[in-house]
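Reader: I would like to learn how to read charged pairs and chain contacts in a protein model. Could you take me through them step by step?

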There are 4 protein chains.
Amino acid sequence: MEGTPKQPKNCSSLVEELVEQARKTALGGQVADYIPALAEVNPDYVGLAVIELDGSVHTAGDADIPFSIQSISKVFGLAMAMQRMDDILWERVRMEPSGQAFNSIVQLEWEHGIPRNPFINAGAIVVSDVLVSHYSASKSAFVQYVRHLASNSAIHADHRVWESEKEHGNRNAALAYLMKSFGNIESEVPEVLDHYFFQCSVAMSCVDLARSLGFLANRGVQPGTGERICDARSAHRINALLSTSGMYDQSGEFAFTVGLPAKSGVGGGIVAVVPDYGVIAAWSPPLNRFGNPSRAVEMITQFAQRLGLSVYT
Amino acid sequence: MEGTPKQPKNCSSLVEELVEQARKTALGGQVADYIPALAEVNPDYVGLAVIELDGSVHTAGDADIPFSIQSISKVFGLAMAMQRMDDILWERVRMEPSGQAFNSIVQLEWEHGIPRNPFINAGAIVVSDVLVSHYSASKSAFVQYVRHLASNSAIHADHRVWESEKEHGNRNAALAYLMKSFGNIESEVPEVLDHYFFQCSVAMSCVDLARSLGFLANRGVQPGTGERICDARSAHRINALLSTSGMYDQSGEFAFTVGLPAKSGVGGGIVAVVPDYGVIAAWSPPLNRFGNPSRAVEMITQFAQRLGLSVYT
Amino acid sequence: MEGTPKQPKNCSSLVEELVEQARKTALGGQVADYIPALAEVNPDYVGLAVIELDGSVHTAGDADIPFSIQSISKVFGLAMAMQRMDDILWERVRMEPSGQAFNSIVQLEWEHGIPRNPFINAGAIVVSDVLVSHYSASKSAFVQYVRHLASNSAIHADHRVWESEKEHGNRNAALAYLMKSFGNIESEVPEVLDHYFFQCSVAMSCVDLARSLGFLANRGVQPGTGERICDARSAHRINALLSTSGMYDQSGEFAFTVGLPAKSGVGGGIVAVVPDYGVIAAWSPPLNRFGNPSRAVEMITQFAQRLGLSVYT
Amino acid sequence: MEGTPKQPKNCSSLVEELVEQARKTALGGQVADYIPALAEVNPDYVGLAVIELDGSVHTAGDADIPFSIQSISKVFGLAMAMQRMDDILWERVRMEPSGQAFNSIVQLEWEHGIPRNPFINAGAIVVSDVLVSHYSASKSAFVQYVRHLASNSAIHADHRVWESEKEHGNRNAALAYLMKSFGNIESEVPEVLDHYFFQCSVAMSCVDLARSLGFLANRGVQPGTGERICDARSAHRINALLSTSGMYDQSGEFAFTVGLPAKSGVGGGIVAVVPDYGVIAAWSPPLNRFGNPSRAVEMITQFAQRLGLSVYT
């Protein structure tokens, strides 16, 4: 953080060093095991990709292997919904940090069915409801949106994960029905959950993730193509939300030690946005007690600290 | 946010314009009235001060009139405690956003007496306990610390406010005794609360506040004097905490619309840190439903947006 | 309560007096309006039936008109499930008063999907799950059970209410899915809810209700027929549960002022058990703020106090 | 429960048999150890006393040894306060079962400082506040009241326990200050707590307890002396409250298996009221996970079931 210049000379060698280091580190937790399809993932995978705004790509390890993006899909869903609704959306989901485990039903009850932010499950289910209402085929629209952002037409949902999520989705069903009882879900709950579980089951690689979210680091314009994905204000807002609420109940600690907008998923991925610099994506399946991939957290922490990338200084 | 350069030509005229605008705006709420000493404050006061790292001072309105800093004192208390304890401190208070009203006792019960962060009342009471344990005369140490930071030896506590806080401090007493029952308060509760209410009752002006917290915008070094107040890492950490938790249950929205580390107080003040640029302090007594001063929020929002100061782009 | 003998001479005239009084009383609340089928009920209905163990029947007002029994069905469901499972049942639902609004999801979350008792919605849904698992056709088994107890083969479910409940049952669906996520629902949730809403929609008159629950006042033996419905211990247990938890969040007050095991429903009915004496059933649709029918509460209160029927003296 | 007559021939031999049995039973838990004075009590004590309305006294074991009555004092405090205030009291404390651990602060916060009933700590603190406000010397008034009821002028508070309670009373202080912040405590908190801890530290034997509460079994008239202690309605109300809320979070289960109004204390005592029959008091220090003395629960359960004393049949 000590005034290091943001144009490192040898970013690629740092990326390789961090992957090597991560491989030597203890796994630091268990792979997500609430569904078989995730439980079977090899815990040894380690990938890291950094894509700078000028197009430079730095990768190491398993950066090209697709994995289940899980909650990272919430960022894409939110970006889609903000394009369709903008400010009305914020009457149905707040923008405040949740301060609790990522799927707590208690807070939802207290706050009359209005989730605290779009990155907890309840909030992402409201966003899914928005997408289901606004698109005739929300699932294919979601995949096309992600493919377009990542410039990769091969991206697809993992149907085994999708089915498996549905079978083990009772708590999310409880959240959805509770919100519906408060009038905050418009479509039928099974259809909304179907979309939600579908988007969680999309598989992407570190490179896909880093490329797809470049617009968040570039005031709304996709760096590779020059296409405006959203206005600068929306990019700013998504980054702000990621900064306070993207890392489950470890969001504050992540701001404290890293200081970057970021979103993790129980598939082991994390994507971090460095405004005006680029995007970092890391992958390692074993999760810590907060549900965040510990070795991926460590790689991003090191990368950000060595290059002085925190937004808070 | 759209790539505006961070060296505005006419910062002083903007500061004046914003105060003028605020004076024309509806009060937007009620002055804090839980104690008489605060309830009697003239709701029409409006002050704004910006101090840049190069020493430039821009002020308008009532920027030199001292007011009760209230919860802004939590920033000073934390900075003092971090110097004395650093990492051990974080076993007694977490660094996660609270996601609830600023004085909720419920969360404290659930989380076994460990407050979520140092900017909710419970967390600031733990910090007060640290100060009481580490200083033989914690109250005068606090005032001297603040005077030194603000280069203003006239700063003092308002004894009428202090007494009044103690008389109306039953909820804070409940928080303190609950934490003591969990073993998270070392000293006697009345002594800890005495310190806590004392620091809340210190009176400072916008200029005092902007000057005193310059080190947070400057990686730990006080801009005016060149003195190192804390290491860069500590300044970063305080900024990160302010970003996720400094504005009560409006912290997420403030990040969303403003994007700056900031702390508010029910005396009507807000101080916002702009890393590598300077500090903004605003004052207007009437509070919105979150307990934040609405016109002060508006002045800081306008200032940050016009100059493109958000840390998230 | 003052030692009045339990064999009143003119019980019939008291029953008539109380109905007359109730008709003169202000309605004291609103008819349940969460579903149209209930909202349309005439709020002026008033019925009262007392059936003593010796077979004497005392009725007044609309005591023969069937109405939606709603939560009173929980007593029948529990009696059926206790016959099938007995003590294993109490590992899936507790027997403690709930201390909160009758459908609070918060407590269920805290207590890991184990409802506090069978008379809150969550508990009755667990009981419904037991019935669905143990009967090949649980809905018709339920109706037959109730017909048999009431010696009235005309009793049936109101299909319009049943459908309507299903359409407005999102909160109950949330409870059911939350319990399923904790492993405390065995069958498929839609099937369990279908049974639950069905049993709520059964229509019975005050006379039906008073006759059907005679066995609870008679140590398990149905007074009219001499048939043993359950063992004395089970009758005792149901009475104990009714005493602490049968009147929603007014159960304590009802014990305080009346002192009888009782169950109310939002259809406006209440049935109260007087051990070794008989059963009282009252009906008046408008509900007080606790969801209990205010005029029915008043009739039962008067009847019990005038005849000194409380179990607590 | 099966229709056994309530005039057993050999009550005394049953009392002795039960104590003997209890002595052979495993301790079933730990002695209360939150204060040294209680932790040192010999866990092997077992006492049982039954006093019938006709004056017959049946005792066995350590029925004459005084022990710390702890929460049983809440019954005496309530009886005193009801004499002084009656119905106004119920605006400051409710009469509903609490449905949670006996000292939960969460519910108090939700319900704006109004405790659910007088037998949870918060409720008993409100009752203590009433006594402190109404008596110039509430502590000595309390002791005199209890001595009078028990016809034993030797009853006194154990000062070592009293001091010890005060030192470990932080959670109760939290409850009291929280209620004061809601305006539900009139006197100064330290004075109220002083009274509360004092009454908890009073020491009585099983015989004292059984004799002192005879009026609850006898519609308000003390059996031994014929003195009216309270009206029949008040006796009824206290019994009703004991039935739903006297045994901490095991109250429902106790109603389920025993069916008698009763109050337990962490000193190991339980007193159970049998309306129109008499009072049972049992003592054995080791506590189960609900904070109730397991062997005392068992003795009362056996006694009530063998003699068919439940009020619910």
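Predicted model: local features only at pLDDT ≥ 70, side-chain atom pairs only at ≥ 80, totals over all residues.

Reader: Which residue forms a salt bridge with D:Arg171, and which elements hold the two partners?

Author: The partner of D:Arg171 is B:Glu109, and the closest N and O atoms of this salt bridge are 2.8 Å apart. The pair crosses between chains, since D:Arg171 belongs to helix 8 (residues 170–181) of chain D, while B:Glu109 belongs to helix 4 (residues 105–110) of chain B.

Reader: Are D:Arg171 and B:Glu109 buried or exposed?

Author: Both D:Arg171 and B:Glu109 are buried. Another salt bridge joins the side chains of B:Arg116 and B:Glu111, at 2.9 Å from N to O.

Reader: Why does B:Arg116 count as buried?

Author: B:Arg116 counts as buried because its relative accessibility is 1%, and the cut-off for buried is under 20%.

Reader: Which parts of chain D are linked by the salt bridge of D:Arg94 and D:Glu111?

Author: The side chains of D:Arg94 and D:Glu111 meet at 3.8 Å, N to O. This pair links distant parts of the chain, 17 residues apart: D:Arg94 lies in the loop between helix 3 (73–85) and helix 4 (105–110) of chain D, and D:Glu111 lies in the loop between helix 4 and helix 5 (121–134). Salt bridges that share partners also join A:Arg94, A:Glu111, A:Arg116 and B:Asp249 into one network.

Reader: How is the size of an interface given, and what area do chain B and chain A bury between them?

Author: The size of an interface is often given as the accessible area lost when the parts come together. Chain B and chain A bury about 3600 Å² between them, with 62% of it on carbon and sulfur atoms. In chain B, the residues that lose the most area to chain A are B:His236, B:Phe256 and B:Tyr312, which together make up 24% of what that side buries.

Reader: How many salt bridges are there between chain B and chain A?

Author: The count between these two chains is four salt bridges. B:Asp249 forms a salt bridge with A:Arg94, in which the closest N and O atoms are 3.5 Å apart.

Reader: Which helix of chain B gives the most to the side that touches chain A?

Author: Helix 12 of chain B gives the most to that side, with nine residues. By class, the side of chain B that touches chain A has 17 nonpolar, 16 polar and eleven charged residues.

Methods. Residues numbered from 1 in each chain as written. Chains lettered and ligands numbered in written order. Heavy atoms only, no water. Helix = DSSP H or I, 4+ residues; strand = E, 2+ residues; numbered from the N terminus. Buried < 20%, exposed > 50% of the residue type's maximum accessible area, 1.4 Å probe, protein only. Buried area = accessible area lost by both parts, 1.4 Å probe. Nonpolar A, V, L, I, M, F, W, Y, C, P; charged D, E, K, R; others polar.
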